[in-house]
Every structure is written in structure tokens, then in C-alpha cells.
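Dear colleague,

Please find the sequence and structure below.

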Amino acid sequence: MKFDNELSIIQQKIANGYAGVSRRLAVMNSLDLEIGQNVIDIGCGGGHLVQEIALGVGVNGKSIGIDPSKDQLEAANNRCKNLNNVELICCTADKINIENSFCDRITSTQTLEYIEDIDLSLNELRRISKKKSKFVNVSILWDYFRFYGPEKKLNDIIHEAFRAHCFHQMLPLDLVGKLTNLGYQNIQSENLSYLITNRDENSPAIFYEKMLAKFAASMGIKEDKIKDWQAQISKAEKTKKFGFTSFPVLTTAYLI
Ligand SMILES: C[S@@+](CC[C@H](N)C(=O)[O-])C[C@H]1O[C@@H](n2cnc3c(N)ncnc32)[C@H](O)[C@@H]1O
């Protein structure tokens, strides 16, 4: 899935609200930053985390964000325009124009699952990592990403179509072996799952609903089916039968 135009705006709204704030808190805690460090955020989107990292490492440190989407980088540029220790690079994670062993921390949120040849990118991230650097990743267990409320058959059709939106449905499970093979140690996984029962502007549910609807249309699902699914979600919310679950996992590891 490409995070351009309307999709980049929907994605940034998710990053602005509960889902984005709570996972950034977990990532920032885990990064355990020190003044003067060099930190990179892979797939930085609208730059929320890049901004927080820049403040965390101070003027002698560096906060780098990379993303292949020009729309996302434009938003990140706007957000970070007053920070001198930020560098934003338009590229993919498999080829980053940064010297070997430059980064003290490598982080990424809901991005690695969108990269088809993930091994190539993980090798590149290892190349730019210092010895003893920390890797902090959040990826979603997409099998547990689900709306509740609509009638099951229709709901299954929309969710089944959405599976094609990313390459790796259950990346946190594969990541442990991949990192071990690359020489990482002390690999740990933390559960960041949540249940949402409302669809206000602070809730990721309303924006993910738009994302699924848009994606389903691009996969050839008929407009009336998609509208029906959305109407059923709306009705379920009114009758207090609505739910939305997501299961992000925070994976941390050290390069030895
Ligand atoms: C769901 S968004 C997450 C953005 C941000 N990390 C956040 O949590 O708000 C995924 C981002 O990964 C970027 N992306 C997709 N493929 C990528 C790749 N191969 N290398 C780096 N970033 C990529 C997309 O452009 C998009 O901005």
C-alpha cells in the first residue's frame, strides 16, 4: 500500500490520536535516549517520532527520518522545520545514504511489514547500526486487527480484502528469528494491544474504517457492499455493539 495523497492524510490522523500517541510513548520509553545520540526512524511518516527524538537527543545528537513517500516527508518537514538536528531522507529502508555504524538507535513503527524483501532492509539497518546499538520496532499482528459489529460474512469479505495491504501479516513472530540470524541478542516482545469501542476523532477506528473502505474499493469490492459495511459499523456503535481491536507488538533487540 502506498501512503500518498489521501492515504497519507488518513495515516497522519491515526498518528495524531490515541493509537499513535500510545505507541510513541512505548517506543520513546524503550529507546531510552541519551543526549548526543544518532537515531533513525524508518518509515517516519508525518515525523511525530522524529520530532520527539530530536528533542530527546539534543542539539549534539541527530534525529533522522526516512520515508519513500513525498507527501509523508512534506508533513514531517513541516512538523520539524524549527529543529536543526533533524535530517529527512526520501528513500526506502534497503538503501540508506548513511555511513556504516552511524546509529545508536534504530526504530520503526508499522513500516517493516510493508516491505516485501524485508531481509534486504534488515541487513541495511544492521549496516548503519553501531555495535551495542538498540533496535526498537513496532509492527502489528494483522490477524488480530479487526472490526466487530457488522454481520460476519460481510465483515470477513472486507477484512480478507485488506490482507493484501501489506506483505507480512504476522511480522513480530518472524522478526525474532530474523534478528537472531543477524546477530542481535536479548530480543524481547511486548504486547501493545488495545480495544476501542467508540469512533470519535481521537479513535483510530474511524480512520482505519476509511482506510479499509478505500482499500476494499481498490480491490474491486462493490461500492454498495462497502457502504453497507460502514452503515453496519455505525449502527453497531449506536447500539453499543461496536468494537475495534489491534495488536501492535514492540520488539527490542541489541546488536552485539
Ligand atoms: C503506516 S505508516 C507509519 C508511519 C509512522 N511510522 C507512524 O507510525 O505514524 C508506514 C510508512 O512506511 C513508509 N514505507 C513504506 N515502504 C517503505 C520502505 N520500503 N522503506 C521505508 N519506509 C517505507 C510509508 O511511506 C509510510 O509512511
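Thr111 is in contact (heavy atoms within 4.5 Å) with Ile42 and Gly43, leaving aside its neighbours within four places in sequence. This is a predicted model, in which local features need pLDDT of at least 70 and side-chain atom pairs count only at pLDDT 80 or more, while totals for chains, interfaces and linings use all residues. Residues are numbered from 1 along each chain as its sequence is written, and side-chain values use heavy atoms, with hydrogens and water left out.

Thr111 lies in the loop between strand E4 (103-109) and helix H5. Helices (H or I, at least four residues) and strands (E, at least two) are DSSP runs, numbered from the N terminus. Thr111 is buried because its relative accessible area is 14%; buried means under 20%, exposed over 50% and partly exposed in between, with a 1.4 Å probe and protein chains only.

Not counting residues up to four places away in sequence, Thr251 touches several residues, among them Phe135, Leu175, Leu179 and Ile187.

Two packed helices are described by the angle between their axes and the distance between the axes. Helix H5 (residues 118-127) and helix H7 (residues 171-181) pack at an angle of about 55 degrees, with their axes 12 Å apart. Axes are lines fitted to C-alpha atoms, for helices over the stretch in contact, and angles run from 0 to 180 degrees between N-to-C directions. H5 is therefore oblique to H7: angles under 35 degrees count as roughly parallel, over 145 as roughly antiparallel, 65 to 115 as roughly perpendicular and the rest as oblique. Ile118, Asp119 and Leu122 in H5 meet Leu171, Leu175 and Lys178 in H7.

Finally, there is a sheet to report. An open sheet of three strands has the order E6-E9-E8, with antiparallel pairing; two strands pair if DSSP finds at least two bridges between them. Its edge strands, E6 (146-148) and E8 (194-196), each pair on one side only. Three bridges join E6 to strand E9 (residues 243-246), and Arg146 stands opposite Thr245 in E9.
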